[in-house]
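Please look over the sequence and the structure below before reading on. The paragraphs that follow go through them one kind of feature at a time.

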Amino acid sequence: MPVETHSIRNRSAVGRFPAVSIDFGENTEKEEENPEVKKAEKGNACHQWLCKVCLCCRPKPEDDDITDTLVTGIEETDKEEGTDGEKPGTGDGELDELLLKVRSIDLMKSKSGQNRVEHHTNLYQSDDFIIRRGQNFLMWITLSRPFDPKTDKLHLELKTGPLPTVSKGTHVIITLVERLENGRWEAAVVEQKDKRIKLSVNSPPTAVIGRYKLVVETNSPNGKAISTHDPANDIYMLFNPWCEDDTVFMDAENEKKEYVLNDIGRIYYGTQNQIGVRTWNYGQFDDGILDACLFVLEKSLTPTSGWGDAVNVVRIISAMINSPNDLGVLEGNWSGDYSGGSSPTIWSGSLEILKEYHKNNGIPVKYGQCWVFAGVFTTVLRCLGIPSRTVSNFNSAHDTDVSLTTDIYLDENLDPIEYLNADSIWNFHVWTDCWMARPDLPPGMGGWQAVDATPQETSQGTFRCGPASLAAVRNGQVYLKHDAAFVFAEVNSDKIYWQRNLDGTFTQIYSEKRSVGQFISTKAVGSDERNDITHLYKHPEGTEEERISVETACLYGSKSSAFTSATAEDVSVEVTMDGIDPNMGGDADLTITLRNSSSENRSVFLHSQAAVMYYTGVHKATVRKDKTEVELLPNEVNILEWSLEYKDYKDQLVDQAALMLTLSGRVKETQQILATQFSFRLRTPDLILKPIGKAVVGQKMAVEISFTNPLPQVLKAVIFHVEGLGLLTAQKIHHGDISSHTSVSLTEYFVPTLPGPRKLLASLDCGQLTQVHGVANITVQENSYGTI
């Protein structure tokens, strides 16, 4: 039996007005049979009033009224004398004046407008509103009457995904605040012109990416109104490499221009001795490509709430570019028979492939091979705002048994045993690098990550690969997710030959240590030259560091016995820092302690490397490398003093002034491997804030700000920033240059506006020194004449 439902809002007035009977449909037939009653009710003034405010009864809105209106909060009033309990009628015009409704929304989405230019989305050939997370945008809202902040309320609602949920970040309620703060969803009125208000809206750098539906809800004392969703006002939210707090933040502007904004690339193929190149049209800004990329994410059927995590998103796309598990974009074919589709060599770009997949509602496109998978992958990542590049590896190994070696099996006569030789070395293989921090891994693992969409091996049950940190791959830390072991084998596995014995067992007879992973190539930044990035994937072949990396990795493989194991582990290494943190502008002194717990002599070959790090763990630059051999007597503790001078790091420091010392080494007698990392930061000076005068609401006072330049160089174009809630609004003071080791002071006047304990904050910024700040606690007294 069908069930008829009725809005609870229709019942909200029952019993609130005398002599009024509200009908919910149960007596429709009876009412129609009794026209006399109907006519009488029609003449009832109160009933007429209800017909105007009830959603199911009131007249349909005019064409220019694009809102759905719900009236709430109309309180019952006392009967006025002489009205006999009846409420006077209210006309449509009067009702419209009571409600605050949205007439139109202008997202200022012109490609040449402020929003899209500042968000670096003006290259997208689409009239949609495309922005990047972690950055504010502007919008105009036209209302039915002027907005009164004293009595009116307004908020935005954004919804994305099939089941928008507030707790999961897919249903966002953006309320109005007086002052915007970074890192959260919020909006503020920055301009008002009669019935129009201009909002500045912030989004957090962790926001879910994708397409959001936008509506505006208004509340006034006489009810609320919700605007109708208009697809033309949908908001496309992307990752933001220009935002320092986004995990995909990339520092260098020329690299962002190449790895995010360049829509043409070069892909290398062939052999290590005959490297060929082809141009590839990424076309990430072409009309329809962004919709196609979001369609790829939607087809994955993964929770939308996870689309704010760059690691998760690239992992999803890695699986969705190929077709075996989830009917992704491309079907691979290496058979040589391409009937029923297109030969992989015919493609010269990603646009046709992505548009065909979208147009056909998710039917895989035929056919692709590694460079096609990689080219399409790079397009999708750049389109969504993740810096990426296509990478070619020559003599690329395919490890099938997690041995981290490329194994060749021979019989007793040294003939290959074909059914056992599942590992292979490709002439070349192409994948994608993407740039991001890795908060899910230890410090130092951020930066370039290898991701691969070619369906070679499964990862957690699905054909995908990565993101694998290049730093982890380089150092043999194959236990770090995701799929670092597979990528390591591709670029740095040893080729080991095994001969079958008469009893059926195998013995290692030979190994090639330099054959795998040659001329790893990508397009150079800002030119069409080939850039060799082999050094990012592994240490130089044959060096002690490279051998340590290989042997460290293979400890976690299925054939660790292929390498000489340490006969003892009796030497340890430790790094410590004595006293207080080293100061910016001075030398950093560390202590390296080597302990030999054996009763025999030990020789240790030790490598040290000091690197500047971003606070997100992304490697910025190596500033010093050393090698040393240490002789240890039996049971000796040897203390080495290690110092990093200012001249070594001064040109490479970034925010937070973080550095990392990495030690690795080998004990000659036992083959024991030593490794450790030590993170430290350089202490920046504080700003000294000294309040002057009595802190009273409405009375002028001052603060003296003092600072001493700790560096043996001039600080140029120094800016001081001062602010304090209830004390003064944010002020920027352009001070100019400050000479080496010079002390300066300046005085800023202000008038406190709020009583109670307050904090005055100040910071300093210049190209040579950051992360300098200070704070003063100020207790503001009430004015004896009252708050001004």
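Counting the salt bridges gives 29. The model is a predicted one, and every value here is computed from it. Side chains of opposite charge can pair when their charged atoms come close. Arg184 has a relative accessible area of 41%, so Arg184 is partly exposed. Glu181 has 40% relative accessibility and therefore also counts as partly exposed.

Another salt bridge brings together the side chains of Glu574 and Arg595, again with 3.3 Å from N to O. Glu574 belongs to strand β27 (residues 571-576) and Arg595 to strand β28 (residues 588-596), so this pair ties together parts that are 21 residues apart in sequence. Glu574 counts as partly exposed because its relative accessibility is 37%. The value for Arg595 is 37%, so Arg595 counts as partly exposed.

Is each partner of the next bridge buried, exposed or partly exposed? Glu600 forms a salt bridge with Arg602, and their closest N and O atoms are 3.3 Å apart. Glu600 has a relative accessible area of 47% and is therefore partly exposed. Arg602 has a relative accessible area of 5%, so Arg602 is buried. Salt bridges can also involve several residues: Arg211, Asp234 and Asp291 are linked in a network of them.

The aromatic rings come next. A pair of aromatic rings is described by the distance of the centres and the angle of the planes. The count comes to 16 aromatic pairs. Among them is the pair of Trp185 and Tyr212, which is edge-to-face, with 6.1 Å centre to centre and 65° between the planes. This pair links distant parts of the chain, 27 residues apart: Trp185 is in the loop between β6 (171-175) and β7 (186-193), and Tyr212 is in strand β9 (residues 210-220). Trp185 and Tyr212 are both buried.

Trp371 and Phe428 also form an aromatic pair, this one tilted, with 6.2 Å centre to centre and 35° between the planes. Here too the pair links distant parts of the chain: Trp371 lies in helix α10 (residues 370-384) and Phe428 in strand β18 (residues 424-436), 57 residues apart. Trp371 counts as buried because its relative accessibility is 10%. Phe428 has 17% relative accessibility, so Phe428 counts as buried as well. Through ring pairs, Trp371 and Phe428 are joined with Tyr269 and Phe394 in a cluster.

The charged end of Arg196 sits over the ring of Trp140, 4.2 Å from the ring's centre. Lys700 lies over the face of Tyr749, at 4.9 Å from the ring centre.

Turn now to the strands. Strand β12 (residues 264-271) pairs with strand β13 (residues 274-281) in the antiparallel sense, over eight bridges. Which residue in β13 stands opposite Gly265? The residue opposite Gly265 is Trp280. β12 and β13 form a hairpin, with two residues between them.

The backbone has some features to look at as well. Most residues other than glycine have a negative phi, and most peptide bonds are trans. Gln460 has a positive phi, near 50°, and is not a glycine. Gln460 is placed in the loop between β20 (458-459) and β21 (462-463). With a relative accessible area of 63%, Gln460 is exposed. Asn635, also a residue other than glycine, has a positive phi near 60°. Asn635 is in the loop between β30 (619-632) and β31 (637-644). Its relative accessible area is 53%, so Asn635 is exposed.

Where are the cis peptide bonds described here? One joins Lys366 and Tyr367, with omega about 0°. Tyr367 lies in strand β15 (residues 365-368). Another cis peptide bond joins Lys481 and His482, and omega there is about 0°. His482 lies in the loop between α11 and α12.

The loop between α11 (470-474) and α12 (484-492) also holds Tyr479. Tyr479 has 45% relative accessibility and so counts as partly exposed. Together with Leu555 and Tyr556, Tyr479 forms a nonpolar patch on the surface, with about 360 Å² of accessible area together.

Definitions and conventions. Residues numbered from 1 in each chain as written. Predicted model: local features only at pLDDT ≥ 70, side-chain atom pairs only at ≥ 80, totals over all residues. Heavy atoms only, no water. Patch = residues over 30% accessible without salt bridge, like charges linked within 9 Å, V, L, I, M, F, W, Y side chains within 5 Å. Areas by Shrake-Rupley, 256 points an atom, 1.4 Å probe, with all protein chains shown as cover. Salt bridge = Lys/Arg side-chain N within 4 Å of Asp/Glu carboxyl O. Helix = DSSP H or I, 4+ residues; strand = E, 2+ residues; numbered from the N terminus. Buried < 20%, exposed > 50% of the residue type's maximum accessible area, 1.4 Å probe, protein only. Pairing = 2+ DSSP bridges. Phe/Tyr/Trp six-rings, centres within 6.5 Å; stacked < 30°, edge-to-face > 60°. Lys NZ or Arg CZ within 6 Å of the ring centre and 35° of its normal.
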